[in-house]
Amino acid sequence: EGTKKKLTDFNISEVVERLNKRREYLHNLDSDSLIDFFEKLAQTYKKEKLDKKYNLKNVIDFFSKENLRESLSVSLRGNYKVLDEFVDLKSNSYLFHAQPRGIIVQWLSGNVSILGLFSIFSAILTKNVCLVKASSRGYQDLVSLLAVFNFIKTEKIDGKDLAKCIALVLVDRNDKKSQEELSMSADIRIAWGGKEAMDTIINLKKRYYCEDIIFGPKYS
């Protein structure tokens, strides 16, 4: 949350508790307001020339308002408003309302950590709070890019409030106890990286209903 600390400097459960308190705030935001926010964020990256410094062209294109509406609709059976309310998805018997899963814990790759923005921002768009285990190599870049949240305001969202839905931490790769505590906090685990890293993360203990999304070698 904008401050660089070793994980041993604070309690993981306290971080999780803070994130859980943000779930209601995030759930109550409407999708169009979130889309507006991320488009403004992407345009701010471009305006401040961060796209060139961090090679963010694909991020900026993906998080344009037009692309987000289309991508979300494709993923959500044709109507992204299902994230906000019960809607008719052409069923004779039911209305549908997509619900967030809760806390998404993400392990980001060291060599291309900026790719993690896709999964972080997508998690927020679908109203899930994020606990992100960054690589030591990419940590400071991510802090700089996520800090831009604090300078973005739209009609309905103050970026300072939205930034509190993301916690970015450093954990030693050999600290199995902390890694497992992160894993046991997750409703969804997202992992980026090579085969060795993926094997390590997949084999961590997790909740029974936790699901995994793996962006492994080549696939990512």
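## Lysine 127 and its loop

Lysine 127 sits in the loop between helix 7 and strand 2 (129-134). Helices here are DSSP runs of H or I with at least four residues, strands are runs of E with at least two, and both are numbered from the N terminus. The model is predicted: local features need pLDDT of at least 70, side-chain atom pairs count only at pLDDT 80 or more, and totals for chains, interfaces and linings use all residues. Residues are numbered from 1 along each chain as its sequence is written, and side-chain values use heavy atoms, with hydrogens and water left out.

Is lysine 127 buried or exposed? Lysine 127 is buried, at a relative accessible area of 3%. Buried means under 20% relative accessible area, exposed means over 50%, and partly exposed lies in between (1.4 Å probe, protein chains only). The backbone of lysine 127 has a phi near 70°, a positive value in a residue other than glycine.

## The protein as a whole

The protein has 11 helices and five strands. Its C-alpha atoms fill a box of roughly 50 × 45 × 35 Å, taken along the principal axes. The radius of gyration is 17 Å, which agrees with the value near 17 Å for a compact globule of 220 residues. That radius is taken over C-alpha atoms, and the globule rule is 2.2 Å times the number of residues to the power 0.38.

Of the 220 residues, 46% count as buried. The accessible surface comes to about 12,400 Å², and 48% of it belongs to carbon and sulfur atoms. Such areas come from the Shrake-Rupley method with a 1.4 Å probe; for residues, only the protein chains shown count as cover. Among contacts (heavy atoms within 4.5 Å) between residues at least 6 apart in sequence, 69% join residues at least 24 apart.

Which residues of helix 6 (residues 65-75) are buried? They are Leu68, Leu72 and Ser73. These residues cover an arc of only 125° around the axis, so they lie on the same side of helix 6. The arc is that of the directions from the helix axis to the C-beta atoms. An α-helix has 3.6 residues a turn, so residues three or four places apart point the same way.

The face turned away from the buried side carries the exposed residues Glu66, Glu70 and Val74. The cover over the buried residues of helix 6 includes helix 3 (31-47), helix 5 (57-62) and helix 7.

## Leucine 125

Leucine 125 belongs to helix 7 (residues 116-125). Leucine 125 is buried, with a relative accessible area of 4%. Not counting residues up to four places away in sequence, leucine 125 touches Leu34, Ile35, Phe38, Phe63, Leu68 and Leu83. Leu68 is also one of the buried residues of helix 6. The C-alpha atoms of leucine 125 and leucine 72 are separated by 9.0 Å, although the two residues are 53 apart along the chain.

## Aromatic rings

A search of the whole structure finds 13 aromatic pairs. Rings of Phe, Tyr and Trp (its six-membered ring) pair if their centres lie within 6.5 Å; planes under 30 degrees apart count as stacked, over 60 as edge-to-face and the rest as tilted. Phenylalanine 38 and phenylalanine 149 form an edge-to-face pair, at 6.1 Å centre to centre and 80° between the planes. Phenylalanine 38 lies in helix 3 and phenylalanine 149 in the loop between helix 8 (139-146) and helix 9 (159-163), so the pair ties together parts that are 111 residues apart in sequence. Phenylalanine 38 is buried at 1% relative accessible area, and phenylalanine 149 is buried at 1%.

The rings of phenylalanine 62 and phenylalanine 63 have centres 5.0 Å apart and planes at 75°, so this pair is edge-to-face. Phenylalanine 62 is partly exposed at 29% relative accessibility, whereas phenylalanine 63 is buried at 1%. Ring pairs link Phe37, Phe38, Phe62, Phe63, Phe118, Phe121 and Phe149 into a cluster.

## Arginines over rings

Arginine 77 follows helix 6, in the loop between helix 6 and strand 1 (103-107). Arginine 77 is exposed, with a relative accessible area of 65%. Its phi is near 60°, a positive value in a residue other than glycine.

Arginine 77 lies over the face of phenylalanine 96, at 5.4 Å from the ring centre. A charge sits over a ring if NZ of Lys or CZ of Arg is within 6 Å of the ring centre and within 35 degrees of the ring normal. The charged end of arginine 22 sits over the ring of tyrosine 25, at 4.5 Å from its centre.
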